[in-house]
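Please review the sequence and the three-dimensional structure shown here before reading the briefing.

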Amino acid sequence: MGLPKNIFFTILLLISFLAKSSSGQIIFKELPDYQIKSSDSSFFDIGSTRSIIPLDGTWEVYSPNSKEDEKVSVSIPSIFQGDGELIFDKYFNLSKSDIQNHKMKLVFLGLNYTADISMNGVIIFRHSGGEVPFQFDLPKDILRSDGRNVLSVRLYYRLDSGETIPLKQRFLFPQNFGGIIRDVYIQLLPNVSISDLNLLSNYESGTNRSRVSIFSKIYNNEFSKSSDTLASQNQFVLRVKFISPNGGSVTSTADYSFQLIPNRERDIFQTIDLISPTLWSPSSPQSYTVYFELWNGGMLIDRTKRSLAIFSLKSGTNFIFLNGQPFTLNGVTYVPSSPEYGNMLGYDLMEKDIRMIKELGFNCVKFSKSIPNPYYLSLCEKYGLVAFIELPLVSIPEQLAQDQNFINRCRNYLFNFITAYQRYSAVGAIGLGDSYLTKSDAHISLIKNLAGIIKSNTNKLVYASFNGFNISPIDNVDLYGVEIFNSPVNSFSDKLKQLQSNLGTGKVFISGATYIVNIGNTNGYVNDHSFEAQAKFFEDLIEFAGNNPLAGYFINTMFDYRGDYASLSAGYNKDNVYQIGICNEERGTDRLGFKVIYSLFHNTEKVTIPIGSKKDDAPIVFILYGLLLALGIGILVNSGRKFREDSSRALLRPYNFFSDVRDQRIMSGYHTTVLALIVSAVTSLIICNLLFYFKESVVFEKLLLSFGSTKIIKDVSYLAWHPAGALILFTAFCLVAICVITLIVKTASFFVRNRVFYSSVYFSVIWSLLPFILLIPAGIVLYRLLSADIVNLYIYIGLSAFAIWVFYRLMKGIYVIFDVNPGSVYFYSIIFILVILGGILLYYQIKNSVVDYLQLTIKQYNLFR
């Protein structure tokens, strides 16, 4: 993309710079009739020696500075809209037996964003941020059995351009809400208990066995002094049993005997070889049940269980291998979302979504742009979907990627991420985010840093997604994702094959194939961004993967979802719905793309995608508005000889004309005012043509997004997709702009010796803009010319030259009526403009790091090169 086009991106950005971000009032949303699914004993680790105390339900919420009577009751889990700091209080009772006879863990399956957690007024944990599940031990000495306990969560929510994960500026991300968004409960364990379990299976197809590494930790918090209690018997035995999926065989480790005195802990590492194991796969999702038992003499002290899916997913030079056999990733991305409650879904809906993905025919799912509820990963294991989970990082500015504070934040986030999800064996790969620059030293260094952490702590594949195809090998990265957006995969086939040649066919996959729908149903796929075109896009992708060597792909995404801002490329929608899914928000299956995918995966009768005829999307309002302006200028020209003479002199001999204005020669105020209206309308017509043309430009959207203001992008999106209203609004805006320029010039006249009348300034400003009326014919056909994409470069050059000419005329008018040296007018005018632009950039740079994000977008799309 060349220089002139991006000048117009900048111009359109500056038109909307005065809009500011606004934080709305905090509004809570609660899931109706929500119930924790404690019946799933395996997921919640409930058994004969373990139980939970749910803390969902009613909490008191208030701001730090509010009064006692300003507290409100809110049901947890819930979400809230708006930025702010809130305190959540939960009151609950514990018996003396609960406290004395149990070790307690407080479990949060997810809250957003940072939080200080207190129990009975004592801070016991600080959550560094994000929706990652976490848990920690409750100190017994601060718990009460003779009164109510109060759990307080002081939560601060506000996304930032450099301090949070995800970042504030994130392209087509789902809505992000603050709040305690998932279940909260206390887990009751025996005083001597098994904890910190981790199972790592390593299946080697050549040996027909799987070695399972077992990591566990035993805590002894028993301080009873009675002779018949555990405290006097510190000899323990740990037994681990593997039950085959059909329950027909049991394989046990050797008893592990050890001594553990009170107030101590012991790390235990064991291994076991499973001969001819039953392997888990998408076609046969069979898992082992692993029981951990802790015995003291003949007494069972603690018992817990884990589900273990034994499979091997490896990336080779030519293939991805699942259990030693070539495997193609036929995947879809999934963004947990609902129309009203964001990513806060009930357990039944979570299961329905995963079941729909499986029944459609996919064998893997990538949880994209969000941190999933861990229950999803249990469902993936149950239904047979290889789960790809990833950090919600996208489009990181290079300056931020090399900032040590941000690197440390990413490392800590990743450690917590791994800890939270390591127990779920359906996870096949862990990702580091999207849209990395292929040749950025800062991005590659960050990827290496984070990939090393994953390799050191797990046996999962590591992947990262890139904005481009010129990718070089990176240490500890197994899979390299490329992103396809709105363009058929066949148009990238040569680049894809070259990348496969450089890295290996088994190392390259399409990490996100996105096609946006913004015009709905039409009569055929020749109409871009229609549901028919989306179906054709899906069909081409699946057929390409079937006919060419490819590690796999992920269609983006399963369901439509809502975002935090009104996307341009996705089409303006008051609810910020992004229509990129195979199904709609309500999980409907009537879209053509769904039917096409189902027929291809299930080998049913081929679904016909109509070709149709190209729909003319040029707004008729541009023609009507242009003709109306032409009629208006015609009437004005024929209203009298005076206007024709003034127009001729102003256009061809501007110096003489402005001299007459300075000398207070007779000028028609009526003609001048009507001319101001027509000039404003013509300028509006040109701007609206450009906006309408750029409305589907991802580059333009990302440039707007760089400012970090949802209001700016919402307003521009609305105007771009509603040309009739935009024409009126921009006409009014241009009239106001003329008045502002006139006022600024009049203010500047106080600094010159000569007396400059307001009427002289008014006439000079408006008549200097006279050339704009020459653009009326261009305004009628500009969008059609740009859509043809044949002479666009020359159009941009012409409009740029025209703008420079008008600026030159304005400067001439000013220095003539001021009767000063032209150089001083040019100098101070340019300084003034630079100060204004610099002030805007400085404001947004301090607030949202706009310059860093603009630079990233420029590099992502090779602008100005």
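This is a predicted model: local features need pLDDT of at least 70, side-chain atom pairs count only at pLDDT 80 or more; totals for chains, interfaces and linings use all residues.

Residues are numbered from 1 along each chain as its sequence is written, and side-chain values use heavy atoms, with hydrogens and water left out.

**The barrel and its surroundings**

- Eight strands form a closed barrel in the order β24-β25-β26-β27-β28-β29-β30-β31, with parallel pairing; strands (E, at least two residues) and helices (H or I, at least four) are DSSP runs numbered from the N terminus.
- From one strand to the next, the twist averages 25 degrees; axes are lines fitted to C-alpha atoms, for helices over the stretch in contact, and angles run from 0 to 180 degrees between N-to-C directions.
- Strand β29 (residues 479-485) pairs with β30 in the parallel sense over six bridges, where pairing requires that DSSP find at least two bridges between two strands.
- Phenylalanine 485 stands opposite threonine 514, which belongs to β30.
- Helix α9 (residues 493-503) packs on the sheet and touches both β29 and β30, contact being defined as heavy atoms within 4.5 Å.
- The direction of α9 makes about 145 degrees with that of β30.
- In general, the strands of a sheet pair through backbone hydrogen bonds, either parallel or antiparallel.

**Nonpolar cores**

- The largest nonpolar core has 137 residues, of which Met558 and Ile582 touch the most other members.
- Such a core is a set of buried Ala, Val, Leu, Ile, Met, Phe, Trp, Tyr and Cys residues joined through side-chain atoms within 4.5 Å; buried means under 20% relative accessible area, exposed over 50%, and partly exposed in between (1.4 Å probe, protein chains only).
- Helix α7 (residues 404-421) supplies the largest share of this core, nine residues.
- Apart from neighbours within four places in sequence, the contacts of methionine 558 include Val332, Tyr334, Met356, Leu360, Phe362 and Ile582.
- A second, separate core of 88 residues includes Ile686, Leu703, Val745 and Trp767.

- Helix α5 (residues 374-383) is largely enclosed by the rest of the structure, because eight of its ten residues are buried.
- Helix α18 (residues 723-748) has 26 residues and reaches 36 Å from its first C-alpha to its last, close to the 38 Å expected at 1.5 Å a residue; the expected span is 1.5 Å times one less than the number of residues.
- The buried residues of α18 include Leu727, Phe730, Ile738, Val745 and Lys746.

**Two buried histidines**

- Histidine 102 is found in strand β7 (residues 102-108) and counts as buried at 19% relative accessibility.
- A polar atom of the histidine 102 side chain lies 3.3 Å from the backbone oxygen of aspartate 98.
- Residues up to four places away in sequence aside, histidine 102 touches Ser97, Lys140, Leu188, Leu189 and Asn191.
- Histidine 529 lies in the loop between β30 (508-514) and α10 (531-547), and is buried with a relative accessible area of 9%.
- The contacts of histidine 529, not counting residues up to four places away in sequence, include Asn486, Tyr515, Asn518 and Glu696.

**Backbone features in loops**

- A cis peptide bond with omega of about 5 degrees joins isoleucine 165 and proline 166; proline 166 is in the loop between β11 (149-157) and β12 (184-190).
- Another cis peptide bond, with omega of about 15 degrees, joins asparagine 556 and threonine 557; threonine 557 lies in the loop between β31 (552-556) and β32 (561-562).
- Serine 395 has a positive phi of about 50 degrees although it is not a glycine, and serine 395 is buried at 10% relative accessibility.
- Asparagine 486, in the loop between β29 and α9, has a positive phi near 65 degrees and is buried at 17% relative accessibility.

**Tyrosine 808**

- Tyrosine 808 belongs to helix α21 (residues 792-818) and is partly exposed, with a relative accessible area of 37%.
- The side chains of tyrosine 808 and lysine 812 are joined by a polar contact of 2.9 Å; a polar contact is a pair of N or O atoms within 3.5 Å, and within protein one must be able to donate a hydrogen and the other to accept it, while residues adjacent in sequence count only if both atoms are side-chain atoms.
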